[in-house]
Amino acid sequence: MSKVKITIAGVNKKPGSSREYKTGGWRTMKPEVDIEKCIQCLKCFDYCPDGAVKKTEDAIEFDLDYCKGCGICERECPVDAIEMKVEEK
Amino acid sequence: MTEEDKELFASGHRMCAGCGEGTAMRAILNVAGPNTIATVATGCLEVTTTAYPQTAWDIPLVHAAFENAASVASGIESALKQMGEKGETNIISFAGDGGTFDIGFQALSGMFERKHNVTHICLDNEAYMNTGIQRCSSTPYGASTTTSPSGDVSIGEDRPKKPLARISAAHDIPYAATATIAYIDDLKKKVKKALEADGPALVHVFAPCPTGWRHGSDDTIELSKLVVETGIFVLWEAEDGEICDINITKKPKERKPVEEYLKKQRRFAHLTDEHIEKIQKEVDEKCEQYGF
């Protein structure tokens, strides 16, 4: 356990530092996208609670460092391009 | 600028998988932009985003107590005014339903009354979720929570939900609205309008909670859509205290039966047909008031 230096009044001087904490380890199901089917409507991007969907040139990709595997993207995809698969460790 | 740079609500926050608040917060902060100061009341939003020494906020944030997010935001607004700021900075006070409907209500009402240029955003998940699903004045009729458990002699929560946005609009504030995460463009539009309003504003955001409502983590968006389609939660906005637009685009053409919404959640699993009929009747009456 590393020591945490507490600042005066507990002021946090590093905005957005929760990115250091990878929530991907919580996941039991993992999303996979079929880029052939993806129409880039970006519903998954808008609805993802964890900001784990990234836009690419021709489709989307998942940031598995943060994806918690909730399955919202699979459910809301209008063309069924996303499938949740059991995470293998 | 890539999409990643624009995210002001950072990944790595500790919300449960499928939490509706995460979706709402990403949209809200991206609309508000970097020139924003936020205050946050105690609640799910606070405990999941500010696990020391980290923070999920990419904007200045003050965590106050449970009851005074709106008061602290009032203070920040007054201080900025004294320092000669022209009102370009957005000031938002965030709170959950506990910090808005119950504990923070006095501070909120005071902020409205003093006409501070602050936007209050209530993320409503219909109970005190982060302390263990205790009932709140936002808990709907018939929901089972840990302090209103259903059983042989109780149907769970026996009081209807408090009409927060209507009470806020009655303060004659420039802007009050209800929104939900399923209609994300509508939510963004309403937040933008609230921030642009000259004076206090309120946006009541309906955000499902898989943990407390006992539904699948992937049902979050569908439930927030169903709640509008059944007429249980009406999307509207009011300017200067007058309900000017019951958002026509989201007015369901044919309302679905409330059963469809209730049956998806285990907190309503104990309801009998009689109870559901009673809820349906109440929803029908409410929709008639709103004119559809």
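Predicted model: local features only at pLDDT ≥ 70, side-chain atom pairs only at ≥ 80, totals over all residues.
Student: At what angle do the axes of helix α2 and helix α8 of chain B cross?

Tutor: The axes of α2 (residues 20-32) and α8 (residues 184-196) cross at roughly 45° and come within 9 Å. Angles of 65 to 115 degrees count as roughly perpendicular and those under 35 degrees as roughly parallel, so α2(B) is oblique to α8(B).

Student: Is the crossing of α2(B) and α8(B) left-handed or right-handed?

Tutor: The crossing is right-handed. On the α2(B) side the contact is made by B:A24, B:A27, B:I28, B:V31 and B:A32. The α8(B) side contributes B:I184, B:L187, B:K188, B:V191, B:K192 and B:L195. Sorted by class, this contact has nine nonpolar residues, two charged and no polar ones.

Student: How should I read the two sides of a strand?

Tutor: In a regular strand, side chains alternate between the two faces of the sheet. Take strand β3 of chain B, residues 90-96.

Student: How many residues of β3(B) are buried, and which lie on each side?

Tutor: Seven of its seven residues are buried. One side carries B:N90, B:I92, B:F94 and B:G96, the other B:I91, B:S93 and B:A95, so both faces are covered.

Student: Which strands pair with β3(B)?

Tutor: Strand β1 (residues 36-40) of chain B pairs with β3(B) in the parallel sense over five bridges. Within that pairing, B:A38 has B:I92 as its bridge partner. Strand β4 (residues 119-124) of chain B also runs parallel to β3(B), joined by five bridges. There, B:G96 is bridged to B:L123.

Technical notes: Residues numbered from 1 in each chain as written. Chains lettered and ligands numbered in written order. Axes fitted to C-alpha atoms, helices over the stretch in contact; angles between N-to-C directions. Helix = DSSP H or I, 4+ residues; strand = E, 2+ residues; numbered from the N terminus. Parallel < 35°, antiparallel > 145°, perpendicular 65-115°, else oblique. Left-handed = near helix turned anticlockwise from the far one by under 90°. Contact = placed C-beta atoms within 7 Å. Nonpolar A, V, L, I, M, F, W, Y, C, P; charged D, E, K, R; others polar. Buried ≥ 20, exposed ≤ 12 C-beta atoms within 10 Å, placed from the backbone. Pairing = 2+ DSSP bridges.
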